[in-house]
Every structure is written in C-alpha cells, then in structure tokens.
Amino acid sequence: MTGSNQTVITEFLLLGLPIKSEQKNLFYALFLAMYLTTILGNLLIIVLIHLDSHLHTPMYLFLSNLSFSDLCFSSVTMPKLLQNMQSQVPSIPYAGCLAQMYFFLFFGDLESFLLVAMAYDRYVAICFPLHYTTIMSPRLCLTLVALSWVLTTLHAMLHTVLMARLCFCADNVIPLFFCDISALLKLSCSDTQVNEWVIFTVGGLIVMIPFLLIIMSYAWIVLSILKVPSARGIRKAFSTCGSHLSVVSLFFGTIIALYLCPSADNSPVKETVMAMMYTVVTPMLNPFIYSLRNRDMKGALGRVFCKKIFSCYL
C-alpha cells in the first residue's frame, strides 16, 4: 500500500437488502424459511440416494452432487445475510470476504457443470436408450463429476488470487448481501483491468459453454421426441424439459445479466434482486424441479420410510 493518506481495509460492510425496519422481522422469517427449505430438501435427496439402491444410477449420482452443491451454495451467503439482518453493524472481515467469494464462485460454477452433466445424461437416456448403460458407464460418470470439481476449484482460485493482490483504500461498503466479485472490483483503488479481462473471457467461457451445452442437449431431446409422435410422451417431455429449462434460464440468465452484460441502468436494488434469484431461489427450487416431482424419488421415499417403520416393530 502506498500513500500516507491511505488506510488498509480490514473489513467490509454489507448493506444487504433495502428493507424497511418495520418489515425486517417479516423478511427475516421469509428468508429463514427459504433457507431451511433449501437445506432440508437437498439433504433429503442426498440421504434418499444414499440409502436406496434403486437410485444408484448416473442420473442420481449427478443429482446428489447437485443437491450438495445447492446446499453449500445457499449456505455461503444465507447464514451471513440472516446474521446481518439482526446486527447493528453488518460487517465481514477482509479474509472472510475473500473466503466467501471463493466458495461462492466454487459452488456456483460446480452447479453449472453438474447441470450440463445432467442434461447430457437425459440426452443419452432419451435419444440413445439402447446404448445408455454403455455410454453412461460408471467411469464416465465419475470422470464428469471429478472434472467438474477440478475445473471449479481452479476457476474460483484464479479469481480469488487476482482479487487478493488488489488494494482497498477508503470505501468499504458493498451494496449487496454478500462479497460479490464485481462489487469488490468497484471498491478497489488498484488497476482492475486484469480482473475484468479474466471475468469477461474465462468467466464468460465458464458460464456460456455450460449454458449452450444444456440448451443444445434439450433441443436434441425435443427433436428426438417429435420424431415419434405420441401425445402423452410429448406432454410429459415438454413438461419435464420446460421445468428444467426454466430453472436453468433463471440461474444462467441472472448471472449473464449481472456479470457478462452489466447495464449502466442497474441499480443496487435491481442487482440485489437478481442476485437473490440465483443464490437463494434456484437452490430452493432445484429439489422440487429435479427430484421431489420424480416418481423414482417418491418411490424411494416410501421404501425408506416403510423400511424404517418395519424395523422399529421388529
């Protein structure tokens, strides 16, 4: 740090959500309920997949990892948000801010890669049903999961190391409820060109490639279904694909709008609402969209509970 009138920032202030004081308790209860729903829903999926052997398939391997990612992704920001809503000084230490940014990027990236793996799994299952077990071998599935974890680790580490080299001199107020990479860059008094270039190039690839692969997978699925006209099959496929794509669009759409195509008209309130969409809403919806509406998952839930009840009477 240079300059006699510069001070080293040791903590940041998270402004959080623009909520009136008389409404804080209402929103606190709402966000707490959403967070508990996210935790319980994703934990239930992980436990069911672990306990029921019928669910030891490629699709549910990806799904259990997605549920773990959602659980952790939400836990990176929500506990701090809930704590700050009850605090007079909503602060976070400098090291804690960098750690939150790292895990935020890590689990956000991991979710996008796992969504690609799940879309590819559905593409193979629907378009090549006779070759499904051959193509989606245990080795390929584990490779896809391991590759997802490795790539997200490297990407999150890259941004964290680049952020750690920057200086923060005077302003330490972040107009969001978590340590967002773009908000931190705006506060830095160092040259941020390298960071911005990496966000636009590497970050763009990390976001856009998975998004396009997912869209392509579902497009091929739809085309494959339309070749075999069946009213019931078409309704079921479009219902499933539509719900999956709605969550994918919500997750990727808000990320692209915030980080890759930021608008000068974006107010802190608008950015906060968009951030809530993919950090809070999407992890809460995923268990319902991908699993709890699923017949296999409902069957596993019944088998596990019946087994537990039966064992209690023995």
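## Helix packing and surface features

H2 and H5 cross in a right-handed sense. Helix H2 covers residues 58-85, and its axis comes within 10 Å of the H5 axis. The two cross at roughly 20°. That angle makes H2 roughly parallel to H5, because angles under 35 degrees count as roughly parallel. The model described here is predicted.

**The chain as a whole**

The protein chain has 10 helices and 3 strands. Along the sequence, the elements follow the pattern β-α-α-β-α-α-α-β-α-α-α-α-α. The chain has 314 residues, and 47% of them count as buried.

**More helix pairs**

Two packed helices are described by the angle between their axes and the distance between the axes. Helix H3, residues 94-127, is packed against helix H5, residues 138-164. The angle here is about 150°, and the axes lie 8 Å apart. H3 is therefore roughly antiparallel to H5, as the angle is over 145 degrees. The H3 and H5 crossing is right-handed.

H3 also packs with H7. Here the angle is about 20° and the axes are 9 Å apart. H3 and H7 are therefore roughly parallel to each other. H3 passes H7 in a left-handed crossing.

**Helix H7 and its surface**

Helix H7 spans residues 193-226, and Leu 205 sits in this helix. Is Leu 205 buried or exposed? Leu 205 is exposed, because its relative accessible area of 51% is over the 50% cut-off. Leu 205 also belongs to a nonpolar surface patch of about 780 Å².

With 57% relative accessibility, Phe 200 counts as exposed. Its C-alpha atom is 7.9 Å from that of Tyr 259. Along the chain, Phe 200 and Tyr 259 are 59 residues apart.

**Contacts across the sequence**

Gly 41 is found in helix H1. Gly 41 is buried, at 11% relative accessible area.

Gly 16 is in a loop. That loop runs between strand S1 (11-14) and helix H1 (24-51). How accessible is Gly 16, and which class does that give? At 13% relative accessibility, Gly 16 counts as buried, because buried means under 20%. Gly 16 and Val 269 are 253 residues apart in sequence. In space, their C-alpha atoms are 9.6 Å apart.

| Residue pair | Apart in sequence | C-alpha to C-alpha |
|---|---|---|
| Gly 16 and Val 269 | 253 residues | 9.6 Å |
| Phe 200 and Tyr 259 | 59 residues | 7.9 Å |

**A charged pair**

Side chains of opposite charge can pair when their charged atoms come close. How many salt bridges are counted in the model? The count comes to 1 salt bridge. Arg 122 forms a salt bridge with Asp 121. The closest N and O atoms are 2.7 Å apart. That pair qualifies because the cut-off for a salt bridge is 4 Å.

Arg 122 is partly exposed, with a relative accessible area of 23%. Asp 121 is buried, with a relative accessible area of 1%.

Methods
Residues are numbered from 1 along each chain as its sequence is written. This is a predicted model: local features need pLDDT of at least 70, side-chain atom pairs count only at pLDDT 80 or more; totals for chains, interfaces and linings use all residues. Side-chain values use heavy atoms; hydrogens and water are left out. Patches are made of residues with over 30% relative accessible area and no salt bridge: like charges are joined within 9 Å, nonpolar side chains (Val, Leu, Ile, Met, Phe, Trp, Tyr) within 5 Å. Accessible areas come from the Shrake-Rupley method with a 1.4 Å probe; for residues, only the protein chains shown count as cover. A salt bridge is a side-chain nitrogen of Lys or Arg within 4 Å of a carboxyl oxygen of Asp or Glu. Helices (H or I, at least four residues) and strands (E, at least two) are DSSP runs, numbered from the N terminus. Buried means under 20% relative accessible area, exposed over 50%, partly exposed in between (1.4 Å probe, protein chains only). Axes are lines fitted to C-alpha atoms, for helices over the stretch in contact, and angles run from 0 to 180 degrees between N-to-C directions. Angles under 35 degrees count as roughly parallel, over 145 as roughly antiparallel, 65 to 115 as roughly perpendicular and the rest as oblique. A crossing is left-handed if the near helix is turned anticlockwise from the far one by less than a right angle, and right-handed if clockwise.
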